[in-house]
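Here's a quick briefing on side-chain contacts, meant to be read with the model open beside you.

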Amino acid sequence: LKCPLAQYMNLLICASFAMAFDPRSIVNAAMATIRSIPYQDQCTATGPHPVSLITLDEQGFPSARTVVPREIAPDLSEFKLNSRTQTRKVAELQRNDKVTLNFQDQRGRGGWLTLKGTAKLDSAPDGSTDIVVTVVQLEIVSYTEKAMADSDGWVPAVLRRDNGAWKAA
């Protein structure tokens, strides 16, 4: 049996937990999560930090691969990736510009950071392809950074871009 009072109290706890985070603190927690991810057995504040890039194939199935961002905007609004031009990821992005970036936090109890957005393809001077991801939504559960929308870590803290700024979703 479900207890309505218990459900109500859980909602209040979840709401108060989520309200403790303003968008800036969520973005800071997300950036701390990214900075914690090692690459080639090294972990530095400036990176690089690998991420899963998820696109959609011709049949609509997700395709995931690990990439290393070349640049990350300080407010996490934009990520610049690079790829050889004749790759599957570039072909998939030419068909559908919707992407997801997913960082996995392996510190302590773990967690994850998901960034959803659209990708724009640009020719790079060396003949490769720059992939510029404009982020429209950020979702995070981080036990280490205490960034989540509930006290148990089942509900992510979610931000959306609105007129150039992050807003709680």
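Buried here means under 20% relative accessible area and exposed means over 50%, with partly exposed in between. Asp122 comes in at 28% relative accessibility, so it counts as partly exposed. Keep in mind that this is a predicted model. With that said, here's what the side chains are up to.

**Aromatic contacts**

- How many aromatic pairs does the structure hold? There is one, and its partners are Phe79 and Phe103.
- The two rings are tilted, with 40° between the planes and 6.2 Å centre to centre.
- Phe79 belongs to strand 4 (residues 78-83) and Phe103 to strand 5 (residues 98-105), so this pair ties together parts 24 residues apart in sequence.
- Buried or exposed, those two Phe79 and Phe103 side chains? Both Phe79 and Phe103 are buried.

**Charges over rings**

- Arg109 lies over the face of Tyr143, 3.9 Å from the ring centre.
- Arg161 has its charged end over the ring of Trp166, at 5.0 Å from the centre.

- Searching the whole structure turns up 10 salt bridges.
- Glu92 and Arg65 make one of them, at 3.2 Å from N to O. Glu92 is in helix 3 (residues 88-95) and Arg65 is in strand 2 (residues 62-67), so to speak distant parts of the chain, 27 residues apart.
- Glu92 and Arg65 are both buried.
- Besides sitting over Trp166, Arg161 forms a salt bridge with Asp75, where the closest N and O atoms are 3.6 Å apart. That pair links distant parts of the chain, 86 residues apart: Arg161 is in strand 8 (residues 157-162), while Asp75 is in the loop between strand 3 (71-72) and strand 4.
- Arg161 has 23% relative accessibility, so it counts as partly exposed. Asp75, at 29%, also counts as partly exposed.

**Other salt bridges**

- Asp122 forms a salt bridge with Lys120, with 3.7 Å between the closest N and O atoms.
- Glu71, Lys80 and Asp130 are joined in a network of salt bridges.

How values were computed
Residues numbered from 1 in each chain as written. Predicted model: local features only at pLDDT ≥ 70, side-chain atom pairs only at ≥ 80, totals over all residues. Heavy atoms only, no water. Phe/Tyr/Trp six-rings, centres within 6.5 Å; stacked < 30°, edge-to-face > 60°. Helix = DSSP H or I, 4+ residues; strand = E, 2+ residues; numbered from the N terminus. Buried < 20%, exposed > 50% of the residue type's maximum accessible area, 1.4 Å probe, protein only. Lys NZ or Arg CZ within 6 Å of the ring centre and 35° of its normal. Salt bridge = Lys/Arg side-chain N within 4 Å of Asp/Glu carboxyl O.
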